[in-house]
Amino acid sequence: MVGDALSFVSNATAEQLALLPTVTDVSLRLTLGAILAASDAYDAKAEEQTHARAARSERRATADSALDSLVAWRDVLFGTNRNIAGFVEPYATRIRQGYEKAEDAASVCATVRAQIAIARDLLKDKSPGIVTRRKTTRLSSSWLDAPAALADRVEKQASSAATMHPAPHLPEGKVDVLDGRALVLLDELIAAFDRGHEAMPTIPRLSPYGLSTVLRPRRAKKPAGTAPNVPPNTPTA
Amino acid sequence: MSESEDPFFDTDVLLEKLGGRASDAELDAYFEAIDA
């Protein structure tokens with residue numbers, strides 16, 4: 001639309017220009033600048049959201065992988081404890097009560113920690129039966145460090161995934177403000193041509209045929225293979 | 001002349017004809033003047 005206006009005023013007669021007093025290179029430059037600012041902000045916001053989604057997805061995948069490992073550790077610890085003391089009280093009751101089947105991060109972490117606590121108690125237990133059975137396994141303090149560290153990591157990731165909302169680079173409403181500015185200037189431009197047309201019919205009206213086509217500036221073509229970034233319903237020239 | 005051949009439809013050409021892109025500061029000043 002700025003192109004239509006500039007194209008017309010570039011070839012307009014002195015009489016026509018006199019009836020378009022607010023349509024100058026300065027005002028058209030501001031209008032185009034406002035349109036480009038709105039378009040850039042929209043593109044930046046869209047890119048920001050794309051990156052945020054990708055980051056969230058990556059975090060989730062990493063957290064899921066760690067949780068899968070911890071679920072495996074939970075069952076290994078449970079099996080080891082049962083192997084050593086599954087029929088010896090009070091261990092047997094603790095081992096059963098300290099096992100949750102649920103596979104959410106909090107439940108798995110709680111189970112792993114409960115089973116680690118039992119295993120550490122078994123390591124300290126000097127009763128002959130426990131010592132004999134313990135020696136048939138690889139249970140050791142250092143062996144327990146790995147699932148303990150993994151439980152800490154899973155808990156931290158779960159907490160991070162629940163609370164992490166990266167601060168947007170563009171404040172909320174910024175895109176709307178810039179869109180509003182562009183629309184104000186476009187409205188003034190259309191109104192100026194309308195007034196001119198009323199006074200002299202050889203001055204055309206500017207007829208937007210859709211805001212998405214009015215406000216979307218034509219940019220240089222992106223290299224082949226680059227996905228076009230053309231979000232729907234975007235103010236764009 | 002089709003739209004694709006019309007230089008007035010090319011943003012880069014428009015910017016060149018208009019003396020470059022208006023800065024954020026220029027736009028801010030313009031709208032502050034309106035709001036004042």
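Between chain A and chain B of this predicted model, the count is 3 salt bridges. One of them pairs D28(B) with R181(A), whose closest N and O atoms are 2.9 Å apart. Another is formed by the side chains of E26(B) and R29(A), at 2.8 Å from N to O. E26(B) belongs to helix α2 of chain B and R29(A) to helix α3 of chain A, so this pair joins two chains. E26(B) has 33% relative accessibility and counts as partly exposed, whereas R29(A), at 18%, counts as buried because the limit for that class is under 20%.

Across the interface of chain A and chain B, 6 residue pairs are in polar contact, both residues being at pLDDT 80 or more. On the side of chain A that touches chain B, the elements giving two or more residues are α1, α3 and α8 of chain A. The largest share of that side, 10 residues, comes from α3(A). By class, the side of chain A that touches chain B has 13 nonpolar, 4 polar and 7 charged residues. The contact takes 24 residues from chain A and 21 residues from chain B. The two chains bury about 2,100 Å² between them, with 61% of this on carbon and sulfur atoms.

Over all chains the count comes to 11 salt bridges. The table gives some of the pairs.

| Salt bridge | N to O distance |
|---|---|
| E26(B) and R29(A) | 2.8 Å |
| D28(B) and R181(A) | 2.9 Å |
| D194(A) and R205(A) | 3.2 Å |
| E198(A) and R205(A) | 2.6 Å |

R205(A) forms salt bridges with D194(A) and with E198(A). D194(A) lies in helix α8 of chain A and R205(A) in the loop between α8 and α9 (211-215) of chain A, and this pair, 11 residues apart, links distant parts of the chain. D194(A) is partly exposed at 25% relative accessibility, as is R205(A) at 39%. E198(A) is exposed, with a relative accessible area of 58%. Elsewhere in chain A, salt bridges link R94(A), D121(A) and K124(A) in a network.

The largest nonpolar core has 35 residues, and those with the most contacts inside it are V9(A), V23(A), L28(A), L189(A) and F193(A). Both chains contribute: the elements giving two or more residues to this core are α1 (2-11), α3 (25-85) and α8 (174-199) of chain A, and α1 (11-17) and α2 (24-35) of chain B. Apart from this core lies another, of 24 residues, including L70(A), F78(A), A85(A) and L122(A). Leaving aside residues up to four places away in sequence, V9(A) touches L17(A), L20(A), V23(A), L28(A) and F193(A).

Key: Residues are numbered from 1 along each chain as its sequence is written. Chains are lettered from A and ligands numbered from 1 in the order in which they are written. This is a predicted model: local features need pLDDT of at least 70, side-chain atom pairs count only at pLDDT 80 or more; totals for chains, interfaces and linings use all residues. Side-chain values use heavy atoms; hydrogens and water are left out. A nonpolar core is a set of buried Ala, Val, Leu, Ile, Met, Phe, Trp, Tyr and Cys residues joined through side-chain atoms within 4.5 Å. Buried means under 20% relative accessible area, exposed over 50%, partly exposed in between (1.4 Å probe, protein chains only). Helices (H or I, at least four residues) and strands (E, at least two) are DSSP runs, numbered from the N terminus. Contact means heavy atoms within 4.5 Å. Buried area is the accessible area (1.4 Å probe) that two parts lose on being put together, summed over both. A salt bridge is a side-chain nitrogen of Lys or Arg within 4 Å of a carboxyl oxygen of Asp or Glu. A polar contact is a pair of N or O atoms within 3.5 Å; within protein, one must be able to donate a hydrogen and the other to accept it, and residues adjacent in sequence count only if both atoms are side-chain atoms. Ala, Val, Leu, Ile, Met, Phe, Trp, Tyr, Cys and Pro count as nonpolar, Asp, Glu, Lys and Arg as charged, and the others, Gly among them, as polar.
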